[in-house]
Amino acid sequence: MMTVEFVSSPLLPWQNGSGDFADIVIDSRIRAVRNLKKYIFPDKASDTELAAVLDEGKRSMPGLNTMGTGRYEYIDIAALDPLERELLASRHFSSAAHIAKPEQRGLLLREDGAAAVMINEEDHFCIQTAAAGLNLQKVWEEASQIDDTLESRLNFAFRDDFGYLTASPSMTGTGCIAGVTIHVPALILMKRFNRIVQGITKFGFAVGGIHGERNDLSGNVFQITNQITLGVSESDILEQLRKIVTQIVQEERNCRDVLWNHNSHALKDKCQRSYGMLANAWLMSRQEALSRVSDLRFGIDLGIIAEAPLAYEALMTAAEPAFLQAKVKKELQEEELERQRAKAIQNVLSAYAVPVT
């Protein structure tokens, strides 16, 4: 299937290392939800109503194709096998909630993977956009363009006093969640990240690990998102998030300088050991892979390892069970999964590797 082949590549076209603060900020994302006036929310809707929403979504695709940002393809979630559905969710095109009940669920996916519209997730439509680095304006403009195109053809539920009406009351208003993913190993090493998180929550933003539970430190990667959507504008959300991320970037860089000046030999040893394990391990658990890939990225950013930065995004994908199982088209037991992960990581390294400095 063409689309599954596309998403099964470890590096997507939009993951190009661009955007501001690309050494620390992995990506920027927008998630905007919309609902049709004449149908109830998906969780309570009948199959007939869900099918009607799906049909309206599919009929809107030609409009998306006229925007000039890339061709869209329709994916019937129910037509995919379980491994393919898991892969879509793992790559953030779909979601766990979207694939849990695949019947009457669909996806409009742009050819570069940087934009998608889920149909009949928790809301009738969920617009998603992504860009490398800190690039909130770009992802917002693309999400807004998709929103305008859909709204010119569809009758969305909106009230002047509330804004967009959504399945979750917490999303009412703009219906928009902006997110920035950051890699902050130095803040974690120096135990300064928790203090930052406490400060961020006071401004109506949340911080969560992206590899497990909200407080999971795996891979030193976190996403910062707004919690408030009612009574604020999209521009206010984006500007406040930009300021928060800029401050975190400065603090992470300060911590990196302190660590390097305090004991550069220990940092070199840590990063090069992880590089050696990634390049030579026979088995690799997901937890270890996330930790060692983080060290590798840290080593690249510090100039310890002369590795192409784009290897990081590809390695993160190669560590994921959904990616590994989709590649071999079968479910794998834990030891098989660890073996396939080690091989996949080494394949990615071979595509980017240069000697350690």
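The largest nonpolar core of this predicted model holds 109 residues, of which Leu107, Ile146, Ile182, Phe193, Ile224 and Ile248 touch the most other members. Such a core is a set of buried (under 20% relative accessible area, 1.4 Å probe, protein chains only) Ala, Val, Leu, Ile, Met, Phe, Trp, Tyr and Cys residues joined through side-chain atoms within 4.5 Å. As the model is predicted, local features need pLDDT of at least 70 and side-chain atom pairs count only at pLDDT 80 or more, while totals for chains, interfaces and linings use all residues. Residues are numbered from 1 along each chain as its sequence is written, and side-chain values use heavy atoms, with hydrogens and water left out.

- Isoleucine 146 touches, among others, Leu64, Met67, Tyr72 and Val117, leaving aside residues up to four places away in sequence; contact means heavy atoms within 4.5 Å.

- Eight strands make an open, antiparallel sheet in the order 2-3-4-5-1-8-10-9, where two strands pair if DSSP finds at least two bridges between them.
- Strand 2 (72-76) and strand 9 (205-209) are at the edges with a single partner strand each, so one side of each has no neighbour in the sheet.
- Strand 2 is joined to the antiparallel strand 3 (residues 106-110) by five bridges, and glutamate 73 stands opposite leucine 109 in strand 3.

**Helix on the sheet**
- Helix 5 (residues 136-151) packs on the sheet, and the strands it touches include strand 1 (25-34) and strand 8 (176-183).

Technical notes: Helix = DSSP H or I, 4+ residues; strand = E, 2+ residues; numbered from the N terminus. Axes fitted to C-alpha atoms, helices over the stretch in contact; angles between N-to-C directions. Buried < 20%, exposed > 50% of the residue type's maximum accessible area, 1.4 Å probe, protein only.
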